[in-house]
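I opened my notebook to go through one protein model, a bit at a time. Come along and look things up with me.

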Amino acid sequence: MGLALSLALALSRPSDAGAQAPPPPSDATVDARVDALLAQMNPEEKAGQLSQYFYFVQSPPMAAAIEQQMKAGRVGAVLFTTDPRQVNRAQRIAIEQSRLKIPLLFGFDVVHGFRTIFPAPIGMAASWDPALVERSQAIAAREARAAGMHWAFGPMVDITLDPRWGRVFEGAGEDPFLGSAMAAAQVRGFQGPYIGAPDHIIAGPKHFAGYGAALGGRDYDEAEISDQQLHNLYLPPFKAAVEAGAGNIMAAYMALNGVPAAANRWLLTDVLRKEWGFKGWVVSDAGGVASLVTHGVARDGAEAALKALGAGTNMEMIPPGQAATMPAVAAAVAEGKLPAAQLDAAVRPILAAKFRLGLFEQPYVDEARAEAVMNDPAHRVAARVAAERSAVLLRNEGAVLPLDRTRLRSLAVIGPLADSARDIMGSWVFDLNHPQARSVLAGIRAKLGPGVRVDHAEGVRIPPRLHPSPMAALERNKPAPPPLDETAGIARAVELARQADAAVLVLGETQEMSGEMASRATFDLPGRQRELLDAVTATGKPVIVVLMTVRPLTIHDSKAPAILDVWYPGSEGGEAVANLLFGDATPGGKLPYTWVRSAAQLPMTYARLPSHDPARADQRYQEASNAPAWPFGFGLSYTTFAYSRLTVLTPKVRPGEPVSVTVDLTNTGSRPGEEVAQLYLHQRLGEASRPVRQLKGFQRVALKPGETRTLRFTITPADLRYWNAARRDWVAEASPFDLWIGGSSAAELGGSFAVAP
């Protein structure tokens, strides 16, 4: 079965194979049903809908306490229960033993897959392929909904200029244009054409807003963001997600300019609801309401609940062992401290979501169907393709890649990550969903078969974190590996490389070195990996580095002739990497952030302002270059491309008119390949200084050897406006504009146009 047909079948199967999906209910119908239910609810039941609990059935005492609240109708949602049998059990308690029989919402961190694991979201962004991202999240949604999930705590759409931050793993990098495209694609993938569409779940973009600007890249620390940066850089992906129809928004942990996000009325009400027209509900991140006491903006939990509700937070996510604060709002209504209408307004979008999902009619999971959906082989095919399209080729001196297996007699596969099936999936992968994967070593051996000798050496081991990951408790108990003499391990790896025709080194960071509470102070290869790399490279044999990381590790100064960044490629990562190494797939991904030389350069962006001395922007440090190792948008292929005949079809336009541009793209090499053509703009004049370049368009294009295609870009009026800090408003100014089109932010082929006054 072909890939397109497999995916089409996988994504078109309805929830009930024997019935046609009903059309979505009208807004009027949903509103009427919500009104009728609210009229029957008492304040305690309404306040209960504002509470979401971690529900770990593995802990009977904890589960029993939450189940008592379910019976009283005082739980709106739960998370971290994904076994369909347990989902049905909890749902029966809520429906069959409570007064009003209101079903629960089940939420989960569906970040880059459920059972089938796709590449890390930053890797998916490196595909520069929104359609691929949408299909991938649709598959993740299908699996999650089959297990009984209704709602994803994702996508994460935080922009960051500082990849020391561990949660760079979950986002789309540094650019708001690319980030907005990825945000909208993920929302469409999760939700489908409407909230409640069969085999889909509600999207919950996070973390609103500015979490990616945490000081020093340190998770949970405050973010201090100027108005200009907030509107032009950090908010656009959230707005794109809302415009794509996101049904939920998660408020951030941290304080934005001193005000904690869960109590930030300007953010949650003025911007999100009034300016953008958001109609869904806002959930705090775990403990985000109770932590208002920690932040020092509330005296106690009761005041924290009232402040969060008043700011626009609808639901509190309650960590294990922490007391809920939202029950206090029922007493506040009775005491006259909170208008009953305000409580109703907070509950309304939560109930509306449950009606739109059809939970009052079909609250239970088809347990027999769930396993079949989660084991659908078409999903694994899609994961492999996504991994292949996400890889970024950073270096390929002497055309080392692809390896010619017809001439290969032996291969050394070396490194601490070479035989790790767990690390290849990355973080935000949970054992309770039974994910599976094969390592790079296993993928290579399966690809080459018995005709090529494949030797393996771990070489060195990545040392454990100084401060352990909080996610480690969710991993299955794993036996400790046997002791490793790393000096002897390096020597053995060198000897295997000398005996082989080529060496593949799989290096980088373990999966627990990225994600939540996983910030790093440096970008050095952890442990003795650099020593291993240099020793193997010194053999003179062809060396290919396969990097598993989400950060720009300091490797540009190595002598390895080939470097392939595969991020964390997911369930089919072993197969995908093997296909890439041997030319059955061709790298076409591009960097979604600037690959800096060291962490000392951060924060860093290609879209900097001209400054007083733009000509010497890369000479700011007296002892080192400030130029990146590789620019934003960079990525090589096994073929070459040339851009020519850039033509501005509308060299002068009036305000509000679009600008049309064409360019010829030619595959000048001998192999088929894909190129991401990128369009950048610079506004020369205005009331504010404008960035030297900003991405405003991209297209991923497949070309045969010698093929030329004329690409057309349309620059919209929205692409030419920006938020002006002096006017405190959006402006579109008359000005000459420079533009460039090419394969990265360093594109040289340029032109210009003007917006007339």
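Here are my entries on confidence, a helix residue, a core and a sheet.

**Ground rules.** I am reading a predicted model, where local features need pLDDT of at least 70, side-chain atom pairs count only at pLDDT 80 or more, and totals for chains, interfaces and linings use all residues. Residues are numbered from 1 along each chain as its sequence is written, and side-chain values use heavy atoms, leaving out hydrogens and water.

**Confidence.** I looked up pLDDT, the predictor's confidence in each residue, from 0 to 100. The protein chain averages 95, and 97% of the residues score at least 70. Over residues 1-19, though, the pLDDT is below 50, and this stretch has 28 contacts in the model beyond near neighbours in sequence. Contact means heavy atoms within 4.5 Å.

**Ala-90.** I found Ala-90 in helix α5, residues 84-96. Helices (H or I, at least four residues) and strands (E, at least two) are DSSP runs, numbered from the N terminus. Is Ala-90 buried or exposed? Ala-90 counts as buried because its relative accessible area is 0%; the cut-offs are under 20% for buried, over 50% for exposed and partly exposed in between, with a 1.4 Å probe and protein chains only. Not counting residues up to four places away in sequence, Ala-90 touches Tyr-55, Met-70, Leu-104 and Phe-106.

**The core.** I then turned to the largest nonpolar core, which has 194 residues. Such a core is a set of buried Ala, Val, Leu, Ile, Met, Phe, Trp, Tyr and Cys residues joined through side-chain atoms within 4.5 Å. Phe-208, Leu-411, Ile-444, Val-536 and Leu-581 touch the most other members. Helix α15 (residues 340-356) gives the largest share, eight residues. Leaving aside neighbours within four places in sequence, Phe-208 has contacts that include Leu-235, Phe-238 and Trp-276.

**Helix α10.** Just after α10, Gly-245 takes a positive phi of about 105 degrees.

**A sheet.** What is the order of the three strands in the open sheet? The order is β17-β19-β22, with antiparallel pairing; two strands pair if DSSP finds at least two bridges between them. The edge strands β17 (641-648) and β22 (708-715) each pair on one side only. Eight bridges join β19 (residues 659-667) to β22, and Thr-662 has Arg-712 in β22 as its bridge partner.
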